[in-house]
Structures are given as C-alpha cells and as structure tokens.
Amino acid sequence: MAFRRRTKSYPLFSQEFVIHNHADIGFCLVLCVLIGLMFEVTAKTAFLFILPQYNVSVPTADGEMVHYHYGPKDLVTVLFYIFITIILHAVVQEYILDKISKRLHLSKVKHSKFNESGQLVVFHLSSVIWCFYVVVTEGYLTNPRSLWEDYPHVHLPFQVKFFYLCQLAYWLHALPELYFQKVRKEEIPRQLQYICLYLVHIAGAYLLNLSRLGLVLLLLQYSAEFLFHTARLCYFADENNEKLFNAWAAAFGVTRLFILTLAVLAIGFGLARVENQAFDPEKGNFNTLLCRLCMLLLVCAAQAWLMWRFIHSQLRHWREHWSEQSAKRRVPAAPRLAARLIKRESGYHENGVVKAENGTSTRTKKLKSP
C-alpha cells in the first residue's frame, strides 16, 4: 500500500528509505497482526495487541459488567496503536494537507507550521468529540462529585481505558514523527515541550487512577487547542484573517481558569474528604497529603508556564504590531508635484508643427542674407 508517489529508489533499510516508507512499514506490521487473528495458534497473541487487557467482572445492580485496570501488557497494545496512528498521520498528510499546501504556495517555515497545525486540528477535533461522548455517557458532567468519589477509580469502563491507550499512542507516535517529517532543529525543542507535557499529564492521570478528572481536563484543553490551530490554518490561508486568534485568546484564559479551579476542587478538597487516605500502590490508592500536593503542584506549574508563554507571545505580537504602525506613520507622504500650467499656443498641431488658424506656421522665419 503506497501512500506517496516516489520517483527515486533508495537502498533497502537506509535512512531515506525508512523516512519515505515508514507508513508502508507500519501498515505491513499492522497487517501481520491482523493476519494473526485468522489462526488459532496466533490469535491469542494477536488479541494482546488489539484489545485492552486486564478485564474484570464487576457486580452491579443489574448483573455484572466488564471493567478494566492497567498493567504492563498495556504497553503492547499502545505499541500496536502507535503504528495505526502513523498510518493515519500519513493518510492525512498525503491526501489532505499536501494538496491544500500546494495551492497556498507557502514558504518552508509556514509549510512546516501548516502541516503541524493541520495534523493537530484533525486530532483535537476527533479527541474532543470522543472525549465529550465518553464524559456524557459516563455521567461525569452531570455528577461532578463522581470525579473524586469512590477513589481510587481502579476499574475503568472499556471506552475510558481505550481512550487513554489511544491518547498515549498518539503522543508517543509524535516523537518518531519529528524524525520522519524532518522537522527543523529550531522547532524540535518547542514540539518536544508540549509532547512531553501531554504525556506526563495523560500518563499521570491514568496511572494514579484519576481517569475521570483527566477526561474533563483533556476536554477543556483540547477544545482550546483546536481553536488555536484552526485560527492558524485560517491565517495561513489569508494573512488578514486574525479574528479567530482573538477568540482563542479569550478561550485560552478561561480554559486555564477552569482547569485550575477544577483541579483544586477535585484534588485539594474532594480527595481530602475521602475516607480512604492511605498510600497503597497495590490497590491503586495514592490519596495522601504528599501525593495530592505533588499533583496540584504539577498542574499549577504547567498552567502557570502556559500562561506565561501566552502573555509573552501576546506582548511580543503587540510590540511588533505597534512598531509597524509607528513605522508607517513616520514615513513622510510623497509631495505632490505641482501641476504645471502648460500654455498652449494658438492654432493647431500638424505633424508636430504648430499651425496658425490661417494655415501658416507660427515659427519666425529667418531672413536670408543678401
């Protein structure tokens, strides 16, 4: 399955070969796992890659429900979905972003940022829809107390665990994509910062059994990020279109406020009132004063850092805007040339010679010397 048209042939398993064929290699590995489902000998191993593991039957009022908890086998499942994400990344790049960027005729810097925002718009939009569906169906929005009640939330519904596995797979796949997409060295530190920030928070919520709170916080964060990258794409299409950036600026501040308020309410006050406050990693309980302080410190530090970067970028943008405006005002207007009054000689022109009304020339005739 070829995703790109290639005019050059590279040595097998060379650096350029891997870069240009990484999506095809990932597709072959995924296909091998899917073929393994067809045979009884390999089906059990293949299911280990595809389906979430550690299922437990939990008794309920209506009967029994199958829930899941985490374990080392989740790494295998995450690895499989990393290859799935690489394939989807290549499909979006090849059939959507490359076709649009060719029409826009962007520079190399803008082309790299356009591809980054295009990929993140697709991811954030799908994640917001998926996360909102999970939050609504599980009742986390209608009952905010469920975010901290009955902690630890060791047993997860299928859709909650699968959502977290896919989120981890996406942000882990973003690390090798820096190499596959040949991202410029100047852009790598910035992208590594937000990739690691997402990985730390998502893995922390998953491993510390704060999956419910993590879902709501991710819904808020992804909504603001979707608006930002949409505004960036609109700006690349039309540089005079900056209205969405103003909407994102307002949404960014509101999102930071909601995330901090919800984190303090759930971790600082909600978990502090839960009866079970003992450090027991085997049972998944991390509800101690030290753990709560560390979690709050991490969330508050991340939000403060994001807010500082936002304010710094806005101030720089305003300084550049005002410097451009002042530079335009300092340039003196070009003086208008005074309209010269051209005195037309009486008569009319014929072959470049002014003729009098009677047909004679208006030029003075030279007298011939005798």
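Predicted model: local features only at pLDDT ≥ 70, side-chain atom pairs only at ≥ 80, totals over all residues.
Residues are numbered from 1 along each chain as its sequence is written, and side-chain values use heavy atoms, with hydrogens and water left out.

Colour by burial next. Of the 370 residues, 38% are buried; buried means under 20% relative accessible area, exposed over 50%, and partly exposed in between (1.4 Å probe, protein chains only).

**Stop 1: helices α4 and α6**

Select residues 108-138, helix α4, and residues 188-207, helix α6; their axes come within 14 Å and cross at roughly 15°. Axes here are lines fitted to C-alpha atoms, for helices over the stretch in contact, and angles run from 0 to 180 degrees between N-to-C directions. The two helices are therefore roughly parallel, a term for angles under 35 degrees. Show side chains: Glu 116, Leu 120 and His 124 of α4 meet Arg 190, Gln 191, Tyr 194 and Tyr 198 of α6, contact being heavy atoms within 4.5 Å.

**Stop 2: aromatic rings**

Now display Phe, Tyr and Trp. Rings (for Trp, the six-membered one) pair if their centres lie within 6.5 Å; planes under 30 degrees apart count as stacked, over 60 as edge-to-face and the rest as tilted. There are 26 aromatic pairs by this rule. One of them joins Tyr 179 and Phe 180: the centres are 5.7 Å apart and the planes at 55°, so the pair is tilted. Tyr 179 is partly exposed, at 38% relative accessibility, while Phe 180 is buried at 17%.

Move to Trp 248 and Phe 310, an edge-to-face pair with 5.3 Å between centres and 75° between planes. Trp 248 belongs to helix α8 (residues 243-270) and Phe 310 to helix α9 (residues 289-330), so this pair ties together parts 62 residues apart in sequence. Both Trp 248 and Phe 310 are buried.

For a cluster linked by ring pairs, select Tyr 68, Tyr 70, Phe 80, Tyr 81, Trp 130, Phe 158, Phe 162, Phe 163, Tyr 164 and Tyr 206.

**Stop 3: a charge over a ring**

Finish at Phe 252. Arg 256 lies over the face of this ring, 4.4 Å from its centre; a charge sits over a ring if NZ of Lys or CZ of Arg is within 6 Å of the ring centre and within 35 degrees of the ring normal.

Terms used. Helix = DSSP H or I, 4+ residues; strand = E, 2+ residues; numbered from the N terminus. Parallel < 35°, antiparallel > 145°, perpendicular 65-115°, else oblique.
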